[in-house]
Amino acid sequence: MTGSSNGRWELGVGDWELRTLTSSEIKARARALGFDLCGIAPAGSFPELSFLREWLDRGHAGEMGYLQRTADKRADVRHVLPGARSVIVTGTIYNIARPYSTEQADPDAALISRYAWGDDYHDVLKARLDALVAWMRDASPEPFEARAYVDTGPVQERVYAQYAGLGWIGKNTCLINPSVGSWLFLAEIICTLRLDPDPPALDQCGTCTLCLDACPTGAIVEPQVLDATRCLSYLTIELRGPIPEAHRPALGAHVYGCDICQEVCPYNQQPPRSNDVAWQPRRALDLPALIALWQTPDDELRATLKGSAMTRATLTGLRRNVAVAIGNSGNPDAIASLAVASEDRPSADDPIVEEHIRWAVTNHANHEPANRANPANRANPVMIRP
Ligand code: B12
Ligand code: SF4
Ligand code: SF4
């Protein structure tokens, strides 16, 4: 080496093989770019990766055909980037200071998963990953290939996160970090650089079963095995058709996603909060009333959801969910509002939404929903502290 005058090493003849970009330099840069956790996994074939096939064969993926279609690639990141040697995995805390859904006593409030309150994490984190790759290209003396993904790539992110030492895959199937919990977005860079890997994280669930016991639909069919077709997250976000009637009461007031199996987890009882402006809630998504959400015109709703992860559910999907939640709330005013047609809410005229409105009205007529009878006893009555 010939030394550094501007923070970068100048290389002399013969130095190229000595000088490589190091894992700790990449981690420091990742932190500077806003990632809270960063670790390196070898681009290997780990035993956990093979569970995907069995999981798909059991039918647990439901209509998420993209998982089936990309299963070969998901089996190993080297199928995504031939020659890959390392996976740089990042974790970003999105928790902010708002009560958990299980602490929310207002039966007329719509429950939206906390990951979706702010800006779309796909966009925010992809820009940060791209900045990290750009910095790596500048800082690395050797050329390399890289692919950066946030959620939507053909990668089993939690497995690589575990082998990068970020945390373990809990019985609720979420990646849990022993210090910060599981309110984490994962994002990764697969690259051909040979980087020092981190030791994998160890399972710390022990004998706990709080998440299995708390799930309102019994979707966690065995420790670490989630039947997505029963999960409220799948039913409210991914499913395009009607929600099976048997699961509608369990939806409670959940209109988008579900956080219950993470809220009850002992590792999420004093979680750190993010100050990142990207994850702060949009006003209209900050514990909105069910009736207000229903009465919001389509144009306004579209504008609210622009740039948010909630666009994934589609407008009609969201109306379908709100109709069920209003039916579960038992609020006569809100139920009456479902029947009021409005030209500025054309998405409510969708035949699937109309069928869910009919269900909500009939459900109300036939039952006294638990929510109203005793607000402390919501449809998802989970309030467990270890
Ligand atoms: C499809 C998907 C879903 C589906 C299915 C979820 C699931 N558990 O598979 C649905 C729509 C239900 C969903 C819900 C949610 N998701 Co999601 N989802 C994904 C996605 C795109 C793929 C996951 C996947 O590969 N599933 C296939 C199964 C096989 O994998 P797995 O459940 O993780 O299984 C592992 C173990 O459980 C075990 N296992 C599986 N089967 C078996 C069988 C046996 C016998 C054994 C012993 C073990 C075992 O091995 C597997 C591999 O290690 C990832 C992003 C990605 N590209 O990885 C995000 C991702 C997992 N989701 C995420 C989030 C935030 C959520 C929600 C919290 C959103 C919400 N609030 O509504 C919920 C959480 C629900 C839950 N408890 O998992 C985050 C998770 C972050 C974290 N800390 O873990 C990810 C990583 C996205 C991201 N980039 O941040 N999701
Ligand atoms: S997200 Fe909700 S419905 Fe899905 S497994 Fe967790 S507790 Fe069950
Ligand atoms: S609630 Fe308990 S069993 Fe479930 S993921 Fe958390 S520690 Fe593991």
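These entries record what I looked up in a predicted model of the protein.

**Entry 1. Overall make-up**

I began with the secondary structure, which comes to 15 helices and ten strands. I then looked up burial: of the 386 residues, 43% count as buried. For contacts with a separation of 6 or more, I noted that 79% join residues 24 or more positions apart.

**Entry 2. The largest nonpolar core**

I turned next to the largest nonpolar core, which holds 104 residues. The members that touch the most others are Ala 110, Leu 290, Val 322 and Ile 326. I asked which element gives this core its largest share, and found strand S7 (residues 184–191), with seven residues. The core lies between domain 1 (23–97 + 111–191) and domain 2 (210–373), because both give residues to it.

I followed Ile 326 further. Leaving aside its neighbours within four places in sequence, I listed its contacts as Leu 290, Trp 294, Asn 331, Ala 334, Ile 335, Leu 338 and Ala 360.

**Entry 3. Helix H12**

I checked the length of helix H12 (residues 315–329). At 1.5 Å a residue, its 15 residues should span 21 Å, and the end C-alpha atoms are 21 Å apart, so the two values agree. Is H12 mostly covered or mostly open? I found it mostly covered, with 13 of its 15 residues buried. Just after the helix, Gly 330 takes a positive phi of about 75 degrees.

**Entry 4. Ligand 1**

I counted 37 residues around ligand 1, and recorded Glu 48, Ser 113, Leu 175, Ser 233 and Gly 257 as the closest. By class, this shell has 22 nonpolar, eight polar and seven charged residues. Helix H2 (51–57), helix H6 (157–163), S7, strand S9 (225–226) and H8 each supply at least two of its residues.

**Entry 5. Ligand 2**

Around ligand 2 I found 13 residues. The closest are Cys 215, Cys 231, Cys 258, Ile 260 and Cys 261. I noted ten nonpolar and three polar residues in this shell, and no charged ones.

**Entry 6. Ligand 3**

For ligand 3 I wrote down the surrounding residues by stretch of sequence. They are Gly 170, Lys 171 and Asn 172; then Cys 205, Cys 208, Thr 209, Leu 210 and Cys 211; and then Val 264, Cys 265, Pro 266 and Tyr 267. The classes are eight nonpolar, three polar and one charged. Ligand 3 lies between domain 1 and domain 2, because both give residues to its shell.

Thr 173 has a phi of about 75 degrees and lies in the loop between strand S5 (168–169) and strand S6 (175–176). Thr 173 has 18 other C-beta atoms within 10 Å, and is therefore partly exposed.

Gln 224 has a phi near 70 degrees and is found in the loop between strand S8 (220–222) and S9. I asked why Gln 224 counts as partly exposed. The reason is that Gln 224 has 16 C-beta neighbours inside 10 Å, whereas a buried residue needs 20 or more and an exposed one has 12 or fewer.

Methods
Residues are numbered from 1 along each chain as its sequence is written. Chains are lettered from A and ligands numbered from 1 in the order in which they are written. This is a predicted model: local features need pLDDT of at least 70, side-chain atom pairs count only at pLDDT 80 or more; totals for chains, interfaces and linings use all residues. A residue is near a molecule or strand if its C-beta atom, placed from the backbone, lies within 6 Å of it. Ala, Val, Leu, Ile, Met, Phe, Trp, Tyr, Cys and Pro count as nonpolar, Asp, Glu, Lys and Arg as charged, and the others, Gly among them, as polar. A nonpolar core is a set of buried Ala, Val, Leu, Ile, Met, Phe, Trp, Tyr and Cys residues joined through C-beta atoms within 7 Å. Helices (H or I, at least four residues) and strands (E, at least two) are DSSP runs, numbered from the N terminus. Domain bounds come from an automatic or database domain assignment. Two residues are in contact if their C-beta atoms, placed from the backbone, lie within 7 Å. The expected span of a helix is 1.5 Å times one less than its number of residues.
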